[in-house]
Every structure is written in C-alpha cells, then in structure tokens.
Amino acid sequence: MNPSLVILCPGQGAQAVSMGKAWHAASPEARAVFAAADRRLGDRLGSPLSRICFEGPAERLNQTDVSQPAIYVTSVACWRALLAARGAGADAGVKEAGVIAAAGLSLGEYTALHIAGAFSFEDGLELVVLRGRAMQDAADAAPSGMVALIGADESQAQVVCDEARGDEVLVCANFNAPGQVVISGSKGACARAAQVAESKGLRASVLAVAGAFHSPLMASAADRLRDALAGTRIFPPRCTVISNVTALPHEAGTGGTIEDLIRARLVDQLTMPVRWSDGCSGLISRVGAPDGAATRGGGGAGSGGVAGVEWHELAPGKTLSGLMKRIDRSVKVESHDEPVTTTHT
C-alpha cells in the first residue's frame, strides 16, 4: 500500500543561486516546468526566470519580484519530478499521488493550492508575479523591515511591539515555530524593537527583506492582489490545504463559497500574521506523524491520524524541515532540495 503524503511548500527566503538546477538536469518533467515558466514570462523579469534561478546574480534573485515566482516554479518543478519518480504522470491529481494535505509558508500557500488543483500552474505563476511586484512596490513606498525575535512567544512579541511602536506601524507578522516570532513594521519602529527585545532577554535579528511583509504597510499590495484574484478561476482544493491566516483548512463557511474564501484569505495574508506553527500543529493532529508516531498533539495513527503518512518538503531549501524540528520533533520531514532524495522505497 502506498503511503499517504503531506506536502510542505517553502516561502520567500528559501531562494539561493542554483535553485532547481539539479532538478532541471535530472528530470524532463522539471525541465518542462521551467520551460513553461520561461515562455510565459518572456523578458518580464529582465532575463529568463530559469537563468536567474540557476546563475543569479544573487542580488536579482533576492528581490521580491523575482524570488517569489522563482520559488513557486522551482517547487512545482520539484513536485512534478517527484511524481514521475513515484511512477505517476506529471499531471497526476493529488488523489492518484496519495496526497492528503498540503501547506505552504506564506508564498508557499500558492504552491500548495496549485498542487491541490485550486488553480492552474500558469494562473498561479501570474498571481505570484503580481504579488511579488506589488509587495516590492509597497516596500519601496515606505522604509520598513522585519525583525526575528528568538526565544519569544506571542505574548512577549506583542509586548515588544506595543513598547516599541510609538506612532509608527509595528505588528507580529510570522509565528514560525515555538520561540521564533517575526515582527514587521516601519524602519524606526523595527530599530526600537530590537533594543526593547534585547532589554527583555530576547535575541533580535534584523532580517534582510525588502519591507514590512504581513503588516498594514502591505495594504496597497493587497488591493492589487484582490483585483487579480477576482479575475482568476479557482476550484475547490482536492485535498486539505492549510490557510496561513487562520491556521485551519480552506473550507466553505458562512462567508461564502470555498473559492471566494480562498481569494479573501490570500488577500488577508499580505497584511495579517502567518500562523505557520499553529497550522502545522493542527495538521499533525489531523493526519498524524510519519508512520503513525505519537505526537504531542495526540495526532498519531492510534488517535485519529492516518497510518503510514509521509511528510515531504519541496525544493528549494530545507527551512520547513528545520522549523518542524521546533514544532514537533516526532514529525520527520524529508526535504527534496536536490534529486538525490527522490527514490521511493
């Protein structure tokens, strides 16, 4: 019996020069994804996307308008190659592939939704290109940034924001794992926050990002994304997909159809915090740890989880497997930054 799969999709920050290059060399399915992206985007990024991924320069790859489509395309290329390695067609649906759930960190939610069949590869690519450009423009419009607080919980991070905010913007932006919260806001407020955090015994690290993502300073980007999503055809996901905003599966509710709620939550994601840690903990309780191992949340196969579940992280990078070690060490995530780990046993 083939195992059930949970797919984790990386977000911005996972990019690195040569990302996807090994997959491109090893897999015709991966090559087809990069070729399709290059055809679709043409010279909109100044150079073919595949060339920027494989050759850099790093300064261009790290810019928000490039890194977002680069990560999305690399992750989808990795996924298509993994499908082929498992004997499934590149266009196999999640049920044929054994996928029971998918989740993505911020940008990665678009990859997860595409894998689940919520929108086509091309439509997802257009969305992330616009998202990256709109977020870059919003960042350029107001000096801002992000600060990681190491050792902080949500209440401690909120206190830091309240004490350092002044008359500027400063909010909690990412709850990545226990003891790792990222705050986001105006440049001056971020500088004050680093000082306040250290006075409380927390370690503060200013992040090398373009601006205050997942904060009210991204409102103009959210407006542009809302318009783009309104014109994008969206379908109900064919497996569980976790929302970054709610930390719960995308499901229909009192707010409308599941398609409309997905649109709304993707817009909200730009100005509201990413609850990755809570989303992963809830998913573990829902589907179980690998091979039914017991988890702190009681989500093993013996308590309602799915027996024989495997957790996989798509390229690029290994950020999500690292975060999972802090969220729940019983969950072993297999990363696929390069194709050496694609063999299924």
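Start by selecting Ser 106, which sits in the loop between β2 (99-104) and α7 (108-115). Helices (H or I, at least four residues) and strands (E, at least two) are DSSP runs, numbered from the N terminus. Ser 106 is not a glycine, yet its phi is positive, about 55 degrees. The residue is buried, with a relative accessible area of 10%; buried means under 20% relative accessible area, exposed over 50%, and partly exposed in between (1.4 Å probe, protein chains only).

The model is predicted: local features need pLDDT of at least 70, side-chain atom pairs count only at pLDDT 80 or more, and totals for chains, interfaces and linings use all residues. Residues are numbered from 1 along each chain as its sequence is written, and side-chain values use heavy atoms, with hydrogens and water left out.

Next, go to Ala 247, in the loop between β7 (240-241) and α12 (258-268). Ala 247 also has a positive phi, near 65 degrees, and is buried with a relative accessible area of 10%. Most residues other than glycine have a negative phi, and most peptide bonds are trans.

Two cis peptide bonds come next. Select Gly 56 and Pro 57: the bond from one to the other is cis, with omega near 5 degrees. Pro 57 belongs to the loop between α3 (49-55) and α4 (58-61). Then select Ala 315 and Pro 316, joined by a cis bond with omega near 0 degrees. Pro 316 lies in the loop between β8 (309-313) and α14 (319-327).

Now display the open sheet of 4 strands, in the order β4-β5-β3-β6, with antiparallel pairing. The edges are β4 (170-177) and β6 (203-206); each has a single partner strand, so one side of each is left without a neighbour in the sheet. From one strand to the next the twist averages 25 degrees. Two strands pair if DSSP finds at least two bridges between them. Strand β3 (residues 144-150) pairs with strand β5 (residues 180-186) in the antiparallel sense over 7 bridges. Within this pair, pick Gly 145, which stands opposite Gly 185 in β5.

Axes here are lines fitted to C-alpha atoms, for helices over the stretch in contact, and angles run from 0 to 180 degrees between N-to-C directions. Contact means heavy atoms within 4.5 Å.

Turn to the nonpolar cores, each a set of buried Ala, Val, Leu, Ile, Met, Phe, Trp, Tyr and Cys residues joined through side-chain atoms within 4.5 Å. The largest has 72 residues, of which Ile 7, Tyr 72, Val 73, Trp 79, Phe 121 and Leu 125 touch the most other members. Helix α5 (residues 64-85) gives the most to this core, with 12 residues. Select Leu 125: not counting residues up to four places away in sequence, Leu 125 touches Ala 37, Arg 40, Leu 41, Pro 69, Tyr 72 and Val 73. Another core, of 21 residues, lies apart from the largest one and includes Ile 242, Leu 323, Met 324 and Val 331.

Finally, zoom out to the whole chain, with its 14 helices and 9 strands. Buried residues make up 55% of the 345 residues. The C-alpha atoms fill a box of roughly 55 × 50 × 40 Å, taken along the principal axes.
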